[in-house]
Amino acid sequence: MTLYQRLVFWATLAIAMSFASVANAAAPQVKTQAPGYYRMMLGDFEITALSDGTFNLPAGKLLGNTTQEKLAVALSQNFLKDPVEESVNGFLINTGKKLILIDTGAANLFVPTLGNLVNNLKASGYQPEQVDEVYITHMHADHVGGLMSGDKLTFPNAIVRADQHDADYWLSQASLDAAPKESKGFIQAAMTSLNPYVKAGKFKPFKGDTDLSPGIKATASYGHTVGHTTYVVESNGQKWYCGVI
């Protein structure tokens, strides 16, 4: 190898190493999550799933008629472990004539890892003021908490719909008075979330199977709560069921 060839070789190697050191330099961590929403079409309807966040559910404390060993095996077969990370979601339906939200997440009424639904709604291209109606599957805190932002209505232009059976129980002072101490907080959370809409004349309950809007029907699925409701959404022959717990 001539002197010239050696110089070219070492110069090329030095340049390559300098590029390698730049390419391998650590980039700063972002440390924030991407917006949590997913959009799909159902016939002519646009449906946007909105993440409110996740929380850890202690399956071992909730599931009966089994053993911890059997539970561990079943979870492992599905690549899970106890506690199970559970998702809380809401669903925004744009029918072309109405903007309808099913459930509102927890806001600050449950655990600190929840409360992201409104931010994700905005990230998906909508604003809370655009929502025409809010349909509640049931009045647990992680489904109704997002109705309020502090002392303000989160959805000031919306009518809130839920089954009368749930309203009669969760918004009743008699239920609160009769509830055991450990359950009172759940009822108080429902009252805090719904009563401002009741006072504003923006709460309109229904009873059982009810057509709420063209293409959207409430179907009674009582059990999880006394008024738990599944919403059946249909457009152009395509059907989707929303009955989250």
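**The largest pocket and the cores**

A: Keep in mind that this is a predicted model. Let's start with the pocket. β3 (84–94) is the biggest giver to the lining of the largest pocket, putting in four residues. At least two residues each also come from β2 (45–57) and α5 (141–144). The space inside comes to about 490 Å³. In total 16 residues line the largest pocket, and F55, L57, D142, H224 and I245 are the ones closest to its centre. Sort the lining by class and you get nine nonpolar residues, five polar ones and two charged ones.

Now for the cores. The largest nonpolar core is made of 29 residues. Inside that core, the residues with the most contacts are V131, V134, M139, L147, F155 and F203.

Leaving out residues up to four places away in sequence, M139 touches V144, A162, D166, A167, W170, L171, A190, L194 and F203. F203, one of those partners, is also among the residues with the most contacts inside the largest core.

There's another core too, lying apart from the largest one. This other core has 16 residues, including I100, L212, Y231 and V233.

How values were computed: Residues are numbered from 1 along each chain as its sequence is written. This is a predicted model: local features need pLDDT of at least 70, side-chain atom pairs count only at pLDDT 80 or more; totals for chains, interfaces and linings use all residues. Side-chain values use heavy atoms; hydrogens and water are left out. On a 1 Å grid over the protein atoms alone, a cavity is a set of points where a 1.4 Å probe fits but cannot get out, and a pocket is an open set with protein on both sides within 12 Å along at least five of seven lines; lining residues have an atom within 4 Å of a point. Grid points are joined across faces, edges and corners, and a volume is the space filled by probe spheres set on the points. Ala, Val, Leu, Ile, Met, Phe, Trp, Tyr, Cys and Pro count as nonpolar, Asp, Glu, Lys and Arg as charged, and the others, Gly among them, as polar. A nonpolar core is a set of buried Ala, Val, Leu, Ile, Met, Phe, Trp, Tyr and Cys residues joined through side-chain atoms within 4.5 Å. Buried means under 20% relative accessible area, exposed over 50%, partly exposed in between (1.4 Å probe, protein chains only). Contact means heavy atoms within 4.5 Å.
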